[in-house]
Amino acid sequence: MSENFATWQSALAVQPAGRIARRFRALAEAGEMGLVAYITAGDPSLAATEKIVLAAAEAGADVIELGVPFSDPVADGPTIQRASDRALRSGTTLAGVIELVRRIRANSEVPLVLFSYFNPILQMGLEKFAAAAAAAGADGVLATDLTLEEAVEYRAALQAHGLDTIFLAAPTSTDARLAQIGAASSGFLYVISRAGVTGEREALPADLPALIRRARKFTSLPIAVGFGISLPTHVTVLGGIADAAVVGSALMAEVEKAASTDEAAAAVAERIRVLKSAARTGVSRRSSEAS
Amino acid sequence: MSAIAPMVPDARGRYGRYGGRYVPETLMAPLEELERAYAAARADSSFQAELDSLLHNFAGRPTPLQFAERLSAYLGGPRIYIKREDLLHTGAHKINNALGQGLLVTRMGKKRIIAETGAGQHGVATATVAAKFGLTCTVYMGTEDMERQRLNVFRMRLLGAEVVGVDSGSRTLKDAINEAMRDWVTNVESSHYLLGSVLGAHPYPQIVRDFQKVIGEEARAQIAQAEGRLPDTLIACVGGGSNAIGLFHAFLPDASVRMIGVEAGGRGTTLGEHAARLAAASGFSGARPGVLQGTYTYVLQNFDGQIATTHSVSAGLDYPGVGPEHAWLAEQGRAEYCAVSDAEAVEAARTLARLEGIIPALESAHALAEVIRRAPRMKKDELVILNLSGRGDKDMDILSRYV
Ligand SMILES: Cc1ncc(COP(=O)(O)O)c(C=O)c1O
């Protein structure tokens, strides 16, 4: 009994149940797959992003990834490159995105992840960044071009402020790396569906289920799958094998097309409603197959 | 000035605090694969023998170390020797590295190579190696550079390479590297990224340096033969820094040998007008340590960590980052870095053409401009080796506009 209590306590110490963990727990209890929405902050303005994010959360997005624009987004395809470009031209900075987190947090409890390239974080200073992001109400951080090997100080700074550290797992990651990535991650594990950059694709790769199963062997964290997901059929395919689907370029394509902020927010919300509904039915289909 | 043994990089690819590996996770496996393949090749004497044979029979090594008699007399100061990398096949030092990596690629069994290019010399060298080894080749090049180095675009296409214009950012070398990395991350299984300078994630800065260090090894033996002693000063231009490190490397343990890297001073010292990353002491603004395209090094950037645009008359020097080993050599005080302007480089190119009958690449002309600037302060018997990294045919359009 006391031993159990100690185990339970240390589990809590390792993984404080932040907003992200609580959301995934609620999804699991409801038997629903989650939907993670990536939105480039500052495209076309931070004020617009605030409205779009709140509309996305309202429409059923379970986690929001706020993209911090960067001048040289090597991991991104054309849609998010253009979104980053527009965001930088509107004067967006990392400090501005953290301020946006504070404003969103004042109106919503949706889990918020800062999704950035490493250099802006490094230039702000790891400790200053972690303190500011946590104080504003961010829940986690993902740095696209930061691998485990270079992330020792970064992880320490984020953990000290109770922020989840989300790392990417790729189809090319070896088992040994998957184990390390799983151990270093908290909140969820982000599995990249294919080798490549972000952007919409026709279909998901055939070997994706095998990749997700392989990643599962090394982590008990929820698994979110991203890169190339835009259609309800993609989400349906993930039903029962992933815990969440990440949609990004498809949303930023809507923002790009929209003539006004209200139109952008409405179009993003509609996309999310459709995808979230597929996320719900996807899982139930799997459950009925299983029974 | 201290001598340091060239014991870098460490196992994590660090030169002091610089270097490392900052890439999307997808690229970790191919980087590790490359590291293993390179270690195996280095341990295999047949690899070096095959490379030596190619360097000799195909590329034209060793290159001469030529005494620049009229230039030395004209400057009235130091005795200047020119390391003639411009005489290599394809016209620049870039072929040393392209052949080395090309041979590595054939051992790795990959059939396609990707490259970036600024001045077009690395693109031409890569296209050449692809043709020689029967590989398919895609070269990314900023559209601004395609315009100003048109001759090399044509050469690459004639050699059978696909040249893809990159229209983002400043439409120069940095943007070409972004696009090459995106191609690589998408085609990791089939393709090797043949990076052209001592940039990028570990092990690239080490591999490219190792394939270029032949420049200094030859020069060291040649100057001993010609003068019976070590040189006093080495001087080379620094874009990413491959021709400079190639010349410097063999001399690093020689404490008496002074090393000078010359960056692009462009048309002013304000951020955006130059590409001087390590020459801050001369008043150039905007360089701080940061992460760009896989490595931690000095990077021209704004306060928020966004990478700055750069300017140089020379496409091969027009880049906001610098090889991490140079950042380390600068920090150690082992090498010094300065910058010369567009106008000084163009003037130096004219001077060399008229005095020595050699039209240099505008990149190499930067190193020469620094020799000209320093000559009055040098002793008469001072021995200088200038690395003439490439020939100037590609720059005729630009030169004709100035001359
Ligand atoms: C002739 C020549 N010299 C120098 C450079 C600069 O590269 P690095 O600093 O790697 O030698 C280039 C690059 O294109 C070049 O073509």
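**Ground rules**

This is a predicted model, so I kept to its limits: local features need pLDDT of at least 70, side-chain atom pairs count only at pLDDT 80 or more, and totals for chains, interfaces and linings use all residues. Residues are numbered from 1 along each chain as its sequence is written, chains are lettered from A and ligands numbered from 1 in the order in which they are written, and side-chain values use heavy atoms, with hydrogens and water left out.

**Interface of chains B and A**

I began with contacts (heavy atoms within 4.5 Å). I found 34 residues of chain B in contact with 33 residues of chain A. The buried area, meaning the accessible area (1.4 Å probe) that two parts lose on being put together, summed over both, is about 2700 Å², and carbon and sulfur atoms give 51% of it. B:Glu25, B:Arg182 and B:Gln306 supply 26% of what chain B buries against chain A, more than any other three residues.

Next I looked up salt bridges (a side-chain nitrogen of Lys or Arg within 4 Å of a carboxyl oxygen of Asp or Glu). Five of them cross this interface. One joins B:Lys174 to A:Asp72 at 2.7 Å, N to O. I took helices (H or I, at least four residues) and strands (E, at least two) as DSSP runs, numbered from the N terminus. On the side of chain B that touches chain A, α1 (28–42), α8 (173–186) and β11 (287–292) of chain B give two or more residues. Of these, α8(B) gives the most, with eight residues.

I also checked B:Thr26, in the loop between β2 (18–19) and α1 of chain B. B:Thr26 is buried at 1% relative accessibility; here buried means under 20% relative accessible area, exposed over 50%, partly exposed in between (1.4 Å probe, protein chains only). Beyond its neighbours within four places in sequence, the contacts of B:Thr26 include A:Ala170, A:Ile192 and B:Val185.

**Salt bridges, one by one**

Over all chains, my search gave 59 salt bridges. B:Glu32 pairs with A:Arg177, with the closest N and O atoms 3.4 Å apart. B:Glu32 sits in α1 of chain B and A:Arg177 in α9 (residues 175–184) of chain A, so the pair joins two chains.

Within chain B, B:Arg182 forms a salt bridge with B:Glu179 at 2.6 Å. Both lie in α8 of chain B, three residues apart, about one helical turn. B:Arg182 is buried at 4%, while B:Glu179 is partly exposed at 23%.

B:Arg61 and B:Glu85 meet at 2.7 Å, N to O. B:Arg61 is buried with 4% relative accessible area, and B:Glu85 is buried at 0%.

**Helix α14 of chain B**

I asked myself how many of the 13 residues of α14(B) are buried. Eleven are, so the helix is largely enclosed by the rest of the structure. B:Glu370 and B:Arg374 are among the buried ones, and both belong to a salt-bridge network that also includes B:Arg258 and B:Glu336.

**Cysteines**

I counted zero disulfides over all chains, taking a disulfide as a pair of cysteine sulfur atoms within 2.5 Å. B:Cys237 is buried at 1%, and B:Cys338 is buried at 7%.
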